[in-house]
Amino acid sequence: MLRGRAGDLLESLGPRARVHRMYDGEGARMYHDISLRDSHEVREVVRLVRSRPGPVLDLAAGSGRLTIPLLAAGLQVTALESSASMLVLLGERLAQLPERLVVRCTVVQADMSDFLLAALFDSVVLATTSVSLLDAEGRAGLFRCVERHLAPGGQLILSTVDIPSVDRITDTDVPVVGESGQQYRVLEHFDPATSVRSVTLHPALETVPTDTIVDLSTSEVQVLPPDQLVAELAEHGFATRLEQESQLGESHRHVMLVAERAGPVS
Amino acid sequence: MNTDMRVVKRSLMSWGTGLDFTGRHSVGGASVVVVEDADHVGELLASDLVRSDSVVLVPAGGADIHEPVCRTFSYEGSLTEPGVEMSIGDDFYLEIQDHATSQYMSLLGPTLIRIVGGEDFATYLDDADAARTSGTFREFATHPAVQFADQSALGAGPGDDGPALRLFVARDGHISTSPGGLSLGTLGTPFDSVRAEWGRVNALATQPCSVCLGSVLDDEVRSSGLGERPWLGRYLLALGALRELRARTIEGAQVSGFGTRLLAGLPLPDDGAGTADRTGTAWPFLLWAGDDAYLIDPLPRRTLKLERRTAEVVDALLTFGAVEPATAHVPRAELLQVFDALVDNGVTLALDQETSLDPSGLVVATQG
């Protein structure tokens with residue numbers, strides 16, 4: 001269900017509208033286009049991962065927003081992603097890289113809340129606030145998997161976003177330009193009563209010929225405040241520190257955390 | 001910006017790049033020294049590694065320096081680790097990034113791009129090759145806020161690099177010209193010995209500088225990469241020229257000899273025609289964006305804006321380094337007319353009068 005401006009747009013487009021999930025098919029392609037211009041978190045993640053120069057597991061790797069820079073930094077990277085569409089895009093990006101980088105990349109199609117790999121990792125990365133894509137049960141599965149795959153002394157690097165100071169429904173419309181040059185609009189609807197954040201991405205209408213299909217790519221998540229995330233990590237035996245905090249836009253607080261096993265490895 | 005900060009910026013730029021922006025040429029000791037551990041400062045300042053006009057950068061938090069023999073400045077952060085920022089007071093910040101990941105990062109401000117390992121060097125060569133063959137330069141590499149570190153090891157030639165320009169005192173007390181450099185001694189080693197060791201190592205190398213990246217990069221790999229690309233010095237200067245234009249908000253400029261010519265039909269440097277602009281680092285550059293073109297003389301750095309047709313004629317003159325072969329592309333009268341017009345504007349191109357393509361006779365003097 002599309003809410004707010006996205007809902008209004010859907011209604012106004014009528015039969016011209018075609019709705020996609022954010023990370024599948026056409027949705028994945030549009031998301032990929034804007035992600036190629038998004039360098040947010042890359043600097044911090046690369047710096048943190050470099051402090052533990054062993055193998056890296058990049059969860060919810062998507063089309064390689066963090067995978068590719070980590071490969072460029074000389075690291076051995078396993079990119080884990082559940083979306084077949086995203087993996088196709090990742091494969092296309094890897095195909096353009098020098099062989100010396102590609103040989104250090106292992107690509108796995110799997111669910112980040114339930115996976116088993118024959119490897120341990122010095123760093124596990126779950127960036128782009130993707131942890132909020134999982135519900136509580138999913139996150140519990142994620143933390144169990146991470147615990148199982150972390151090498152001794154390893155670290156989990158993850159980010160989340162909070163919208164702390166909003167006490168009424170907000171409905172924003174922000175222009176974004178993709179790497180292809182395509183202009184998009186990003187619509188976000190947030191309801192503090194439910195903490196549900198709905199994001200809809202679509203090509204700017206003035207760039208779409210009239211009477212042709214307009215693709216809408218949408219995602220809906222429960223905002224996951226850092227305090228809640230830290231508490232959940234503690235329940236799974238992780239000690240967490242705040243690595244970086246930044247303001248995104250007027251109301252979004254982006255937080256990057258680093259979690260490590262709190263006690264001796266059993 | 002006060003005088004001290006100007007001195008610091010120029011000193012840091014010299015120390016990072018290995019190019020001399022300090023204008024300080026006293027004898028004995030280094031012009032710029034960066035110390036990684038504040039505990040080493042006392043011994044450094046008591047040594048002949050510094051001189052009265054040296055600039056020394058010291059980590060903040062160390063003991064007070066009483067009656068220093070030269071100018072010292074405190075810094076926070078690091079000048080060695082990629083992804084980390086250094087700062088001096090509240091007015092100056094410099095970020096260090098490695099080459100390989102820089103294309104994936106946003107630039108926050110003044111940035112020194114380092115080669116910290118083999119992957120960085122491989123990426124540097126890939127980027128240079130792409131620029132040379134297709135005219136496509138990495139966006140970060142031409143950003144006005146960026147400088148490349150250790151350029152004497154990346155094809156710029158020896159220039160003024162060496163212990164007389166810059167030294168780095170590592171945490172363990174070893175001394176080199178750069179954080180990634182081979183050890184030339186330790187605190188307590190006399191300056192002449194440090195300089196002699198630098199000379200000895202470079203005398204054994206096939207490509208300069210064998211010291212400043214010697215501890216992070218296999219020198220055979222480095223030398224091989226440079227040997228296969230004798231034009232890397234021009235690539236580095238082309239980056240500088242593009243940065244200069246971007247600083248003037250002129251975006252998307254193309255560089256003659258890098259995948260393209262302004263005047264159609266002129267041979268490219270690596271076509272086998274032996275053009276005058278193939279490798280020389282003193283040879284001027286012609287750049288253009290839209291209908292505007294720019295003649296840039298790297299040494300000394302001077303820029304002259306040209307009208308399109310004039311630039312096309314200059315392109316022919318700079319490509320061949322002589323009038324006669326250029327007449328195959330531009331009428332002689334026009335070549336001579338442009339030549340005279342440049343002279344009238346304070347630009348003298350002393351072209352080789354023979355039909356050979358040897359550029360050694362070229363001297364460019366541009367107006368101030």
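1. The lining of the second largest pocket divides into 19 nonpolar, 10 polar and 6 charged residues. Here Ala, Val, Leu, Ile, Met, Phe, Trp, Tyr, Cys and Pro count as nonpolar, Asp, Glu, Lys and Arg as charged, and the others, Gly among them, as polar. A pocket is an open set of points on a 1 Å grid over the protein atoms alone, with protein on both sides within 12 Å along at least five of seven lines, and a lining residue has an atom within 4 Å of a point.

2. Before we go on, a word on the model: it is predicted, local features need pLDDT of at least 70, side-chain atom pairs count only at pLDDT 80 or more, and totals for chains, interfaces and linings use all residues. Residues are numbered from 1 along each chain as its sequence is written, chains are lettered from A and ligands numbered from 1 in the order in which they are written, and side-chain values use heavy atoms, with hydrogens and water left out.

3. Back to the pocket, which has a volume of about 1,100 Å³, taken as the space filled by probe spheres set on the points, with grid points joined across faces, edges and corners. Of its 35 lining residues, Met13(B), Leu19(B), Phe21(B), Gln147(B) and Gln151(B) lie nearest the centre. The largest share, 7 residues, comes from α7(B). At least two lining residues each come from α1 (3-17), β5 (92-98), β6 (111-114), β7 (146-148) and α7 (232-247) of chain B; helices (H or I, at least four residues) and strands (E, at least two) are DSSP runs numbered from the N terminus.

4. Now to where the chains meet. The contact (heavy atoms within 4.5 Å) takes 17 residues from chain B and 16 residues from chain A. About 1,300 Å² is buried between the two chains, with carbon and sulfur atoms giving 51%. In chain B, Tyr104(B), Met105(B) and Glu119(B) lose the most area to chain A, together 48% of what that side buries. Buried area is the accessible area (1.4 Å probe) that two parts lose on being put together, summed over both.

5. Have a look at Glu188(A), in strand β8 (residues 183-191) of chain A. Glu188(A) counts as buried because its relative accessibility is 10%, and buried means under 20% relative accessible area, exposed over 50%, partly exposed in between (1.4 Å probe, protein chains only). Its side chain makes a polar contact with the side chain of His252(A) at 2.5 Å. Such a contact is a pair of N or O atoms within 3.5 Å; within protein, one must be able to donate a hydrogen and the other to accept it, and residues adjacent in sequence count only if both atoms are side-chain atoms.

6. Thr319(B) sits in helix α8 (residues 308-320) of chain B and is buried, at 0% relative accessible area. The side chain of Thr319(B) reaches the backbone oxygen of Asp315(B) at 2.7 Å. Leaving aside neighbours within four places in sequence, the contacts of Thr319(B) include Arg261(B), Leu266(B) and Asp277(B).

7. Most residues other than glycine have a negative phi. Glu41(A), however, has a positive phi of about 80°; this residue lies in the loop between α2 (25-35) and α3 of chain A and is buried, at 2%. Thr249(B) has a phi near 65°, in the loop between α7 and β11 (254-255) of chain B, and is exposed, at 66%.

Key. On a 1 Å grid over the protein atoms alone, a cavity is a set of points where a 1.4 Å probe fits but cannot get out, and a pocket is an open set with protein on both sides within 12 Å along at least five of seven lines; lining residues have an atom within 4 Å of a point.
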